[in-house]
Amino acid sequence: CREPNQRGWSVISSDATKRLIKASLIENHEYLFRVCAENKVGPGPVTETKTPILAINPVEKPGEPQNLHVAETGKTFAYLKWNKPDYDGGSPNLTYHVERKLKDSDEWERVHKGSIKETHFMVEKCIENQTYQFRVQTKNEGGESNWVKTSEVIVKQELQKPVLDLKLVGTLIVKA
């Protein structure tokens, strides 16, 4: 390949056995390409592009996660759930980042290592009875989405009234 204003050609691969070759190009630069097949007898005729081709990344950044909410809280955890974004940016390889911050803090803290592939995450090691806010963003090869935030939530054990579910079968006699 070469840029239109250059005279010499650069070899991308001289040992190509696949139909797809990945070339290191500079984004938003134009390139001309030429290809020829070669066997034991020698190289065949060269085929060139007639017009320059603009090098752009066909993958764009994805949309934001949808319907982020705190599904459950416990003594020291918050369980977050969300849906995939409406737009994946042209790549199905979506991952997510999750962060938290205490109510009066300005600093967001990443709560995991690496990337998350699922659309849920258990945020552990929270401080009981503290107010937190959580945020999630989508990531792919094209970039990162905007953050989506939850409302503020107090991390605490939710005590619920007991529920009695009786199924009476037969005759019940009550004496007063």
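The second largest pocket of this predicted model is lined by Lys22, Ala23, Leu25, Ile26, Glu27, Ile53, Leu54, Ala55, Ile56, Asn57 and Pro58. On a 1 Å grid over the protein atoms alone, a pocket is an open set of points where a 1.4 Å probe fits, with protein on both sides within 12 Å along at least five of seven lines, and lining residues have an atom within 4 Å of a point. Its volume, the space filled by probe spheres set on the points, is about 320 Å³.

Residues are numbered from 1 along each chain as its sequence is written. Local features need pLDDT of at least 70 and side-chain atom pairs pLDDT 80 or more, while totals for chains, interfaces and linings use all residues; side-chain values use heavy atoms, without hydrogens or water.

Strands pair if DSSP finds at least two bridges between them. β12 pairs with β9 in the antiparallel sense over 8 bridges, with Arg100 opposite Phe134. Antiparallel pairing also joins β12 to β15 over 3 bridges, where Tyr132 stands opposite Val153. With β13, β12 forms a hairpin that has 2 residues between the strands, and Lys139 stands opposite Glu144.

Phe134 itself is in contact (heavy atoms within 4.5 Å) with residues beyond four places in sequence, including Leu68, Val70, Trp108 and Val148.

Conventions. Helix = DSSP H or I, 4+ residues; strand = E, 2+ residues; numbered from the N terminus.
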